[in-house]
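Dear colleague,

I am passing on the structure below, and the notes that follow it set out what was found. Please read them with the model open beside you.

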Amino acid sequence: MPKELNITMLGASGVGKTTLLTSMYEQFEATSRQANLQLKPDIETAAILERYLTQLKSLTYEFKADERTKGIRGTLAVAGPESLPSYRFDLGLNDKKDYLRLQFRDYPGGYILPSDVAGRRFVQKMLRECAAVIVAIDTPALMELNGRWHEVRNKPDEIMTLFKTAYQKLDEPKLVILAPVKCETYMQDEVSANNLIKQIQEKYAPLLDFFQEPRRADKIAVVTTPVQTVGCVVFLKIEVENLNQPRFYFRKTSFNAKYSPQDSEQLLRYLLRFLLKVYIQNRNWSIFNIVREVFNPDAQLKQAVEQFAQGCKTNKGFAVLQGKSLLTL
């Protein structure tokens, strides 16, 4: 059996956590082929993500953001914390055995709210145990109308509280990936992409300040990886419906535009870069024991992972905000 590494998704309801995983699943084969790597989902993961992929590929010309993930929240909400589905991918060399299992943990966005005590405890447990966290950010809520709907959609205060509880004392390094999704409109050129980074730094300043406190600064790497989870759409408008709830509308770039996500493989490039650096540092960490058993037996796998990790982007919306020493190979 391959060694298992847990990664947790983090984000409020409807921000696009599962859509993010779907685009990663759809893109990885094409982007990893040159490095001689393969990432294979297990049967259950493939079935779930193929269903979501079908939804994403059948979008109408204009649509509400929630239409892209119809049914996802309902499916998750019926399960208790310990019975929620995991998305499992086995990583290895092409045509060889699998060495590392990446298990992405997802849950209803309502779990991060104070009203759901059991769900909140479950998320805190995941944050403590997982080597990496992917924070999905609803980009239009962050960027439009001076971020008027950012608090409502992205729940940055609740995200902050969860991290403060889980990361009070860190014994091992962590990777935090801030992943803006639905960001196609804001990635048109370098100026707009850099403005996206600026807004993240401003709107998430309390969280970034917490990460940078001396007792944990050297144990946390923080990166921004904007993912164009559909690729062929632009933001259209916001309409406010009942109970003051915003609805975000999008439009395809043309009537026949096809689903074409971009940069979702960057999540894995940064994750593998982080694991490779942990291996190089050779510390007495449990995460090191996992990657040591993965990389030591097969130098070819280590070389393939290193080649793939070299493709991490560092400009046009992508940046290392903290912890370069944990990512420098």
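**Helix H13 and the chain as a whole**

On the face of H13 that is turned away from its buried side sit the exposed residues Ala299 and Gln303, where exposed means over 50% relative accessible area, buried under 20% and partly exposed in between, with a 1.4 Å probe and protein chains only. Within this helix, which spans residues 299–309, the buried residues are Leu301, Ala304, Val305, Phe308 and Ala309. They lie on the same side of H13, because they cover an arc of only 130 degrees around the axis, the arc being that of the directions from the helix axis to the C-beta atoms.

This is a predicted model, in which local features need pLDDT of at least 70 and side-chain atom pairs count only at pLDDT 80 or more, while totals for chains, interfaces and linings use all residues. Residues are numbered from 1 along each chain as its sequence is written, and side-chain values use heavy atoms, with hydrogens and water left out.

The chain has 13 helices and eleven strands, assigned as DSSP runs (H or I of at least four residues for helices, E of at least two for strands) and numbered from the N terminus. Its radius of gyration, taken over C-alpha atoms, is 19 Å, close to the 20 Å that the globule rule (2.2 Å times the number of residues to the power 0.38) gives for 329 residues, so the chain is as compact as a globular protein of that length. Of these 329 residues, 56% count as buried. Along the principal axes, the C-alpha atoms fill a box of roughly 55 × 45 × 45 Å.
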